[in-house]
Amino acid sequence: MSPEGEDPEAPTMDIKVKGAEGRPPVRLGLLLSGRGSNFLAIAESIRAGRLPSAEIAVVISNVADAPGLAKAREMGLHTKVLVSRGRKREEHDADVVACLRANRVDLVCLAGYMRLLSSQFVAAFPHRILNIHPSLLPAFPGLDAQEQAFNYGVKITGCTVHFVDEELDHGAIVVQRAIPVLDTDDAHSLAARILKEEHLAYTEAIARVVSGEYEIRGRLYVKAAS
Ligand code: GRF
């Protein structure tokens, strides 16, 4: 679902969040299921001062032994395990939303979170959920996007950070980074090079969102008129 659909006349969403100048940092809620390299890249950007208007409020994993979760714990971040296996999506999502609210999260960042979100979850954080996907959307949504792109034979691919709506890999695009597919690539080397771009793209996208300088018009995420 695109909340404003495709209608160019749709009202502009004010998505300024409170990290803009002089305000407290935007509190991020990171959701992950596995390796956690995108989470680590975001954490490193905050540590290095590249995201001065953001802080990590909580790292939530639906998988108890996710390596990314272990790294978050090592870093002394606040973490929470909410196991999804065997639970109804709506019930699990309600617990995740409650945890995000309890931690006063402003912006949810899906970082390798291998779950589709229920409509209730999406509605709880309107235009406040980001996802990263390893292709240039709308091409190759879904699983194994890098392999899909490689097998299709595209010559350029990359990654996309977008707002989450109720359709898979679909919401307004915040940042894309493109790379060429090299003659020497296989699906594995291509995925590795895309991942490097993902780590840059997520920081760039969060910076853009917390700047308050962009707005959603229809499904476009564009610089706001000053
Ligand atoms: C990344 O390729 C991301 O684009 C996709 O899942 C993968 C997660 O990797 N959504 P990591 O856990 O952040 O290392």
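1. Basis. In this predicted model, local features need pLDDT of at least 70 and side-chain atom pairs count only at pLDDT 80 or more, while totals for chains, interfaces and linings use all residues. Residues are numbered from 1 along each chain as its sequence is written, and side-chain values use heavy atoms, with hydrogens and water left out.

2. The sheet. Seven strands make up an open sheet with mixed pairing, in the order β3-β2-β1-β4-β5-β6-β7. Strands and helices here are DSSP runs numbered from the N terminus (E, at least two residues, for strands; H or I, at least four, for helices), and two strands pair if DSSP finds at least two bridges between them. At the edges are β3 and β7 (173-180), each of which pairs on one side only. On average, neighbouring strands of the sheet are turned by 20° against each other, direction ignored. Angles are taken between N-to-C directions and run from 0 to 180 degrees, with axes as lines fitted to C-alpha atoms, for helices over the stretch in contact.

3. From β1 to β2. Strands β1 (residues 26-32) and β2 are paired in the parallel sense over seven bridges; Val 26 has Ala 54 as its bridge partner in β2. Right-handed means that, with the strands pointing away from the viewer, the path from the first strand over the helix to the second runs clockwise. Helix α1 lies across β1, β2 and β5 (129-133), at about 160° to β2; contact means heavy atoms within 4.5 Å.

4. From β2 to β3. Three bridges join β2 to strand β3 (residues 79-81), again in the parallel sense, and the partner of Val 59 in β3 is Thr 79. The crossover from β2 through helix α2 (residues 67-74) to β3 is a right-handed β-α-β unit.

5. Is β2 mostly covered or mostly open? Strand β2 (residues 54-61) is mostly covered, with seven of its eight residues buried (buried is under 20% relative accessible area, exposed over 50%, partly exposed in between; 1.4 Å probe, protein chains only).

6. The largest pocket. Its volume is about 940 Å³. A pocket is an open set of points on a 1 Å grid over the protein atoms alone, where a 1.4 Å probe fits, with protein on both sides within 12 Å along at least five of seven lines; lining residues have an atom within 4 Å of a point. The volume is the space filled by probe spheres set on the points, which are joined across faces, edges and corners. Of its 37 lining residues, Gly 112, Tyr 113, Met 114, Ile 132 and Pro 134 are the closest to the centre. Helix α6 (187-211) is among the elements that supply at least two lining residues each, and α6 gives the most, with five.

7. Backbone details. Most residues other than glycine have a negative phi, and most peptide bonds are trans. The bond from Leu 137 to Pro 138 is cis, with omega near 10°, and Pro 138 is in the loop between β5 and α5. Asp 144 is in the loop between β5 and α5, with a positive phi near 50°. Arg 104, in the loop between α3 (89-102) and β4 (107-110), has a positive phi of about 50°; Arg 104 counts as exposed because its relative accessibility is 54%.
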